[in-house]
Amino acid sequence: MVDINEIRKRAQQASERASEAMKKTFEKSEELVRNLEISSSEKEAPASAAEAEEQIHANAERQVEILGQILGADGLAQMAASEELLQKMVNEKVAETAASTTENLMGQLFGEDMGILAAALETLEMEDAGEEEEPAFNLELEQTLYTALEEAMARLEAIPEPEPIPYQKNDARWERFGILLSGILSTLNNHNLYSMDVEEHIPVMEQKIVSLVRRSWGINGRSDLLDMIRYLAQEGYILRYQLYSEASSPEELMDETMDEDDCESARRAWRFAQRYKSQYAPGFMAGWDIGRAAMLTRWGCYLGWLTESEAVGILWELSQKAAEELHSWREFAQSYLFGGLMWKLLCGDSSAGSYLGYLADAATDLLTGKAEQDGGQWREYPWPAQRKIGFTFS
């Protein structure tokens, strides 16, 4: 039985958190809200189940019209950012479905016309789940995370995979290989791995991707996207790990602009680099940098910030670097876990152990799952064998 009060409570909490997290980014939403007028008949809850059904159908066209004014490229994000509008939508949907059956309750609350609300609630629910009190970082926890990393990497090392094979310069397989470099993040996000588009082009999915790119990466368009891909391809964590490895003390990595939290983050990352520098050279970070750059490239193409031919070209370049620095999909996955832990240490996220588990599970699916069940895609395209002599380009 669905508890409508619990839904109302969860939705209200989500709307409050959505506003707090996003209002600074989308300040122009207020103008959109002022221009949006909802008739009083749409605000009134039906008195009976029969009236509820009739009211829902009567309001359907009006809702689509209203939402159509908002579900543009910028309007979607603005809509999610507006506390007043989000709260109004939540209240109306809860009221309209109060007399409905349990079977169709969630469908009405989170139907396609309410896609932006569903996306906001889903994102906030994920963030909510991580709000449980986390253990404080200390040396003991760091050691635990090192052990978790090493065990996960050892499990990946034990998984068999096809031997690397030669890829010619113009080999058609490079394009698919480049897409598969985004495999770990694509698997975690349930993205398509068989074409450049990560998802079907529908407003709800497009908004979820643009919101993710803006919120998690601070990327707001083509220029920002290209700058970030360039940074990951040319510097990224390869350079950062090298700097931390070469520093004789964490103090060498600090300056007067850093607060105590920043300094503590630098100390954690320095201890990480010192522990592993004799075992892993900076180039081992290539999988972490390239995997994320490949995902950003596909997201950018999906959002129209890159043409498909540009995305193919970028993925080809990333593929060449991956093949030069690493030797197998297993090593690529191990690199991703390795970089992921350093990132979590710098962020001060003590839930890094769970994060490593998610990454390892995704890599395992890519290495062992059956392709017809959306798994095992890495096995379909073996790692490119390293060339003794590089290409000569005319």
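Start with the cysteines: how many disulfides does a search of the whole structure find? The search finds 0 disulfides, a disulfide being a pair of cysteine sulfur atoms within 2.5 Å. Select cysteine 263 and you land on a buried residue, at 10% relative accessible area. Cysteine 347 is partly exposed at 48%. (Buried means under 20% relative accessible area, exposed over 50%, partly exposed in between, with a 1.4 Å probe and protein chains only.)

Before you click on, keep in mind that this is a predicted model, where local features need pLDDT of at least 70 and side-chain atom pairs count only at pLDDT 80 or more, while totals for chains, interfaces and linings use all residues. Residues are numbered from 1 along each chain as its sequence is written, and side-chain values use heavy atoms, with hydrogens and water left out.

Next stop, salt bridges. The structure holds 11 of them, counted when a side-chain nitrogen of Lys or Arg is within 4 Å of a carboxyl oxygen of Asp or Glu. Pick glutamate 142 and arginine 271: their closest N and O atoms are 2.6 Å apart. Glutamate 142 sits in helix H9 and arginine 271 in helix H15 (residues 260-276), so this pair ties together parts 129 residues apart in sequence. (Helices are DSSP runs of H or I, at least four residues, numbered from the N terminus.) Glutamate 142 is buried at 2%, whereas arginine 271 is partly exposed at 24%.

Two more pairs are worth a click. In helix H13 (residues 222-234), aspartate 227 and arginine 230 are 3 residues apart, about one helical turn, and their side chains meet at 3.0 Å, N to O. Both are partly exposed: aspartate 227 at 41% and arginine 230 at 40%. Then go to helix H16 (residues 286-302), where arginine 292 and aspartate 289 are also 3 residues apart and form a salt bridge at 3.3 Å, N to O. Here arginine 292 is buried at 9%, and aspartate 289 is buried at 1%.

Last, show H9 (residues 139-157) with H19 (residues 352-368). How do their axes lie? They come within 10 Å and cross at roughly 5°, so the two helices are roughly parallel (angles under 35 degrees). Zoom in on the contact (heavy atoms within 4.5 Å): among the residues making it are Leu145, Leu149 and Arg155 of H9 and Gly353, Leu356 and Thr364 of H19.

Technical notes:
Axes fitted to C-alpha atoms, helices over the stretch in contact; angles between N-to-C directions. Parallel < 35°, antiparallel > 145°, perpendicular 65-115°, else oblique.
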